[in-house]
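Please work through the exercises below with the sequence and the structure at hand, trying each task before reading its solution.

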Amino acid sequence: MKAVRIHEFGGPDALKLDELPKPRPGPGEVLVRVLAASVNPVDYKIRQGGYLSADALPLTLGRDIAGLVETVGDGVTGFQPGDAIYAMLDRSHGGYAEYVAEKAENCAKKPERLDFIRAAAVPLAGLTAWQGLFDQGGLRSGQRALIQGAAGGVGHFAVQFAKAREAEVIATCSGEDVDFVRRLGADQVIDYQAERFEDRVRDVDLVYDLVDGESQDRSWAVLKDGGVMVSTLKEPDKAKAAAKHARGVHYMAQPNGAQLTEIARLIDAGQVTPHIEAVFPLSQAGQAEQALETRHVRGKVVLEVQPAG
Ligand SMILES: NC(=O)c1ccc[n+]([C@@H]2O[C@H](COP(=O)([O-])OP(=O)(O)OC[C@H]3O[C@@H](n4cnc5c(N)ncnc54)[C@H](OP(=O)(O)O)[C@@H]3O)[C@@H](O)[C@H]2O)c1
């Protein structure tokens, strides 16, 4: 099978199309014929040498897949050959490949409303937003959430999930994305290049930080006393949290098939829709990562791995 791997850390050219043996599903795993995979910032950060040591190489990148179950391993219930599924993969697996053997518990039936390309855009970014807002942040109906970085992969799901939960959403993004984020349902949209969010918003119950740096530091000023700061990027400052009687959380998103099933329900009900900015063939995974890294990508970049037929 074809798979895109890195043999050394580096730029987009470090991604090489290799021929590898097809994996076999172990107990509790399903073998998936991957039709589409998506690209996340973690992929180019790993490629650049940000997370792993050279001992992990060669490595197939990619944490998101959508495809068809080909065979199931011992003990698998709930899936059978031919099922259309989507999944966020465990760290040890790579989605830029024609086949993946993944734990069945990490998989869910693909939303029926979406084709494979659009379904592959959902898992990692969608689970990150879900776990950040609800598991970590405890966001409830009627609360106010400030989403920093709302036009990107995670942010565009976060806006839609928070609205589906009937929260009030204030969102920041660059000027060219303001209309896009408004269409996602945000109640108030702030162009971070033109305005300071502190001048427009105050007393939010939850800040969702997808941006890091000074944006997180400045966000304490708009958080309600007793609120929560949730970050995908860095541990919130403990002293600043204590001064606000607030909780500060930094977390890593985890694969979760049950939550993907809940997300699929929202998608099929028309309450959440992934936005795809660009689609590249598997052989152009390097260009796809470069696009995510350097362009103002709205929503997601996806790889078409192989045709469905
Ligand atoms: N901990 C975890 O488990 C986890 C999981 C997923 C993602 N992450 C991290 O979370 C971050 C977001 O992920 P993503 O997939 O959503 O990335 P993404 O698709 O690249 O989106 C990032 C968004 O932030 C916007 N942005 C940049 N600076 C901003 C600012 N000062 N104010 C408001 N918006 C700003 C960008 O807009 P412009 O390009 O227009 O500036 C872009 O739309 C990444 O760094 C990623 O590595 C962590």
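**Exercise 1.** Find the order of the strands in the open sheet of 6 strands, and say how they pair.

*Solution.* In this predicted model, the strands of the open sheet follow the order 11-10-9-12-13-14, and their pairing is parallel. The edges are formed by strand 11 (188-191) and strand 14 (247-250), each of which pairs on one side only. From one strand to the next, the twist averages 15°.

**Exercise 2.** Describe how strand 13 pairs with strand 14, and find the bridge partner of Val230.

*Solution.* Strand 13, which covers residues 223-231, pairs with strand 14 in the parallel sense over 4 bridges. For Val230, the bridge partner in strand 14 is Val249.

**Exercise 3.** Determine which strands helix 4 lies across.

*Solution.* Helix 4 lies across strand 9 (144-148), strand 10 (168-173) and strand 12 (204-209). Relative to strand 9, helix 4 runs at about 170°, an angle that falls over 145 degrees and therefore counts as roughly antiparallel.

**Exercise 4.** Work out how helix 3 and helix 4 are oriented to each other, and which residues meet.

*Solution.* Begin with the axes of helix 3 (residues 123-136) and helix 4 (residues 153-164), which come within 8 Å and cross at roughly 50°. The two helices are therefore oblique to each other, and their crossing is right-handed. Turning to the residues, Ala125, Gly126, Thr128, Ala129, Trp130, Gly132 and Leu133 of helix 3 meet Gly153, Val154, Phe157, Ala158, Phe161 and Ala162 of helix 4. Sorted by class, this contact has 9 nonpolar, 4 polar and no charged residues.

Conventions
Residues numbered from 1 in each chain as written. Predicted model: local features only at pLDDT ≥ 70, side-chain atom pairs only at ≥ 80, totals over all residues. Axes fitted to C-alpha atoms, helices over the stretch in contact; angles between N-to-C directions. Parallel < 35°, antiparallel > 145°, perpendicular 65-115°, else oblique. Left-handed = near helix turned anticlockwise from the far one by under 90°. Contact = placed C-beta atoms within 7 Å. Nonpolar A, V, L, I, M, F, W, Y, C, P; charged D, E, K, R; others polar. Pairing = 2+ DSSP bridges.
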